[in-house]
Each structure stands twice: as structure tokens, then as C-alpha cells.
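Subject: Structure for you to look at

Hello,

Here is the structure I said I would pass on. Please open it first, then read the notes below.

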Amino acid sequence: MNDNGSLLERCVVNTNDKENSFTGIHKIDKEQRYEIRFPLCFRLSNTESGLRRDILCLIHVLAKFLDEKDSSFYGNGYEFVSTKLPVQAYLYIIRNYFEKGYYVERQSVVEIAKRGKIDWRKTIKTERPIVNEEDVVFLNFAVKNKRICENELITIIHKYCVHESFEKFGWLFTTMIPPKPEYSVSIRQMRLEVEKKLQETYDDNDRKLFESMLQIICTLSDKQDISLVYGTNRFEYVWERMVDYTFGISAKARFFPNTHWELKNHAVVDNSKLEPDSIMMFQGNVYVLDAKYYKYGYTWNPKHLPGTTSISKQITYGEYIATLEEYQDSHVYNAFIMPYSGNEICCIGSATSDWKFKKNSYETIVGILIDITDLMKNSIRLDSGKIAELAMAIRVEVEEKE
């Protein structure tokens, strides 16, 4: 692979326009040079080592939160773009290679030597001792040694996987690419051998290595060019899941408003439920969060704020939750969560409707900006510190409006 140049030259932060909405990694030419596109408002590091951490963070976020079932995007010519490329497996193979080198089998062999771990049973059977009146002395012993089997098939397969991993993602760490093994092994043969090793192995580290190798091998059997792209044009789904992961409870189905038809033929037909993006709980109060991957935090243009439909839906969520018996004594709050580049949670104001009179806390929908870089690098499920900070920002804005 040719030199890719500096990472900074190949890192781009999206403006979330139609023509540059893709977030992820894609190959830009036949020389295997890659471009890395980050989501709206992401703050890039200004050093090569920092950029490597940024790219690994992006890969981790995509692998963790990207869900292909939500990927359909009809009507505008942009389709979901994500391959079956097992990025985490490639990165694991690279890290493992840096730490341990190639995987090799070690075989127990018995040799005749003067030192070593003695196999007395074999020694007595194979070696003639010197016998005197007082003792029996062996000049040589059958000893057990570990011999490295560098030509074993599993080692050849590992070398192949290491080469493939460095071809695709080694540029993140080095310009060096370990050589491809000279031995020719079919994809089917590699898959069968690794599957056999997985069945025979109980060591967790070896199993992780074999599982990563198997993912790479199974991908290689696909006919499509899987090296072209890894990412999505619909990062809003990732944004929603990141917000929910950090702030939201998992059991939220009871907060979904439902409607139904009662037909003249006595049939009752349920409609699909409204499902809020995230429900946050803090100090007995309920916070309905709608994660909006909108451009306001980048452009500061009011046209890039949620509109009437979104505002009305949030009021409906809050109104429904307020009717639930277990929350009669609780406050229900509403908020839009949007990305920006800043160090703190930022309240930008609030939205209301003309047909509600702000008598209830949920009738005011607070606009909140959250630093997307910080959220992507945060790996804490239900982060109590961030939950408290967000709850305070929402509650203060609502109380000022009352």
C-alpha cells in the first residue's frame, strides 16, 4: 500500500449536507488511500497520535451503535452504506500481533539430553544406566521440551489474517505491512481449520484471536469489494443511540402512548405506538429526550431547529406520562438534544405551542446542545454526572418560563 500522507489531510468533519453526510471510512482511490469522515461538530485533534485516537473512537462508535435494520433511506438517492467489514476483528489482530507476534503451536517432544524436565518412564525404557554397588546413574535422560511448529497451518492462516489486517487498517499505526505468507491456502481450508481450533480451544485469549480470524476469513469469502467503505449516511441513528446509552433507561415501553380504532363491526385495532428516543429518570422526575442530529449547533440558524411536528409529539409524550398513576406526583420534562462543539451542556432556549398555556412542565420543550466529541468518547452507561447536569439545565430553563 502506498503512503497515505498525514492523517490530518485525510480527516474531514461533515457539515451534514446531502452531498457530504457520510460518516466513516472509505477508500478514495485504487492506491488504497482512505478518507475518514467525522460527524457534524466533531473536534479533531491537532496531532497524529490524537487523530489516531479520534479514528479509533469513530470506529468504536460505529461498531457499537450502528444498526443495519434502521438503514433504509428512500427518496433522495442516498442509501445506507455499511459493509460487513469486521473492523473490530482487524484492529484486534493488529494489536495482538504488536503484542505477541505470530501465533504458533508449541508441541511437546521427548528428546535425549543431559538437562531438562525428565520423563523417568521413558528414560528407564530407553536409556541404559551405569550401575555400581551403591547407586544407579543415568548419563542421559529422556526430557520433555516444547518445540515451536512454525509451519503449522494455523500459523500460516494467522500470517494471512495479519497481512490482510495491516493492508486495510495498518495505516492507522505504521507504514509497515507484514508479508503475505508464501503458502497457498484456500478460504474454505482456512475457515475449517480455524473452526476446528475454536472447538478445541478453551483459553479465552486464543479463542478471541481465532474468532477474529474467522470473522476476517468469512468476510473474504464474500464476492463484493468490502474494502471500499465502512460507515453510514444516517448518523442520526447513531446519535440517538449514543444519547440513549448515556442518559436513558432501558425499560421505557410503559412510556409509549398508544391509540386504537373501535370499528362498527366491534373490532378493536391498535395503531403503532409513539416511541420517544430516550427516557431519563432523575430524582423521581421523568425527562423525555428527543435526540435530533440537526445542524443548529453548527450554523446557529433557527431554520435548523425542530419544527411544529416534533414539538407537538413531545407534548403528547409528556401529557401521556403525566396521566400514569405512578407519576402523578412527579414532574415530566421535555428536551431536544442536538450536537455541537463545546465543553459544557448548553441550553439554547425552549419551544412552546400556541394551544398550551405552560401550566405543566412538559409543555415547554427545552433545546439542549451537547458536545458530540465528548459523547462519542464517553463509554459510561447511564452516566450519573452527565444525567445530573442535563436534568439541572432542563429544569432551570422550565422554571424560568413558569
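In which loop is the place of Gln283? Gln283 sits in the loop between strand S12 (278-282) and strand S13 (285-291). Please keep in mind throughout that this is a predicted model.

Two residues with positive phi

Gln283 is not a glycine, yet its phi is positive, at about 50°. With a relative accessible area of 62%, Gln283 is exposed, because the cut-off for that class is over 50%.

Cys41 also has a positive phi, near 75°, and is a residue other than glycine. Cys41 is found in the loop between strand S3 (34-38) and H2. Is Cys41 buried or exposed? Its relative accessibility is 7%, and buried means under 20%, so Cys41 counts as buried.

Cysteines

How many disulfides does a search of the whole structure find? The search finds zero.

Helix pairs

Helix H3 (residues 87-100) and helix H5 (residues 153-169) have axes that come within 9 Å and cross at roughly 110°. Angles of 65 to 115 degrees count as roughly perpendicular, so H3 is roughly perpendicular to H5. The crossing of H3 past H5 is left-handed. On the H3 side the residues that meet H5 include Tyr90, Ile94 and Phe98; on the H5 side, Cys161, Phe166 and Phe169 are among those that meet H3.

H3 also pairs with helix H2 (residues 48-65): their axes come within 10 Å and cross at roughly 135°. H2 and H3 are therefore oblique to each other. Leu56, Ile59, His60 and Ala63 of H2 make this contact with Val87, Gln88 and Leu91 of H3.

Nonpolar cores

In soluble globular proteins, nonpolar side chains tend to be buried together. Here, the largest nonpolar core has 79 residues. Which residues have the most contacts inside it? They are Ile55, Phe169, Trp239, Leu289, Ile368 and Ile394. Another core, of eleven residues, lies apart from it; Tyr317, Leu324, Val332 and Tyr362 are among its members.

As for Ile394, leaving aside neighbours within four places in sequence, its contacts are Tyr287, Leu289, Tyr333, Asn334, Ala335, Val366 and Ile368.

Regards

Methods:
Residues are numbered from 1 along each chain as its sequence is written. This is a predicted model: local features need pLDDT of at least 70, side-chain atom pairs count only at pLDDT 80 or more; totals for chains, interfaces and linings use all residues. Side-chain values use heavy atoms; hydrogens and water are left out. A nonpolar core is a set of buried Ala, Val, Leu, Ile, Met, Phe, Trp, Tyr and Cys residues joined through side-chain atoms within 4.5 Å. Buried means under 20% relative accessible area, exposed over 50%, partly exposed in between (1.4 Å probe, protein chains only). Contact means heavy atoms within 4.5 Å. A disulfide is a pair of cysteine sulfur atoms within 2.5 Å. Axes are lines fitted to C-alpha atoms, for helices over the stretch in contact, and angles run from 0 to 180 degrees between N-to-C directions. Helices (H or I, at least four residues) and strands (E, at least two) are DSSP runs, numbered from the N terminus. Angles under 35 degrees count as roughly parallel, over 145 as roughly antiparallel, 65 to 115 as roughly perpendicular and the rest as oblique. A crossing is left-handed if the near helix is turned anticlockwise from the far one by less than a right angle, and right-handed if clockwise.
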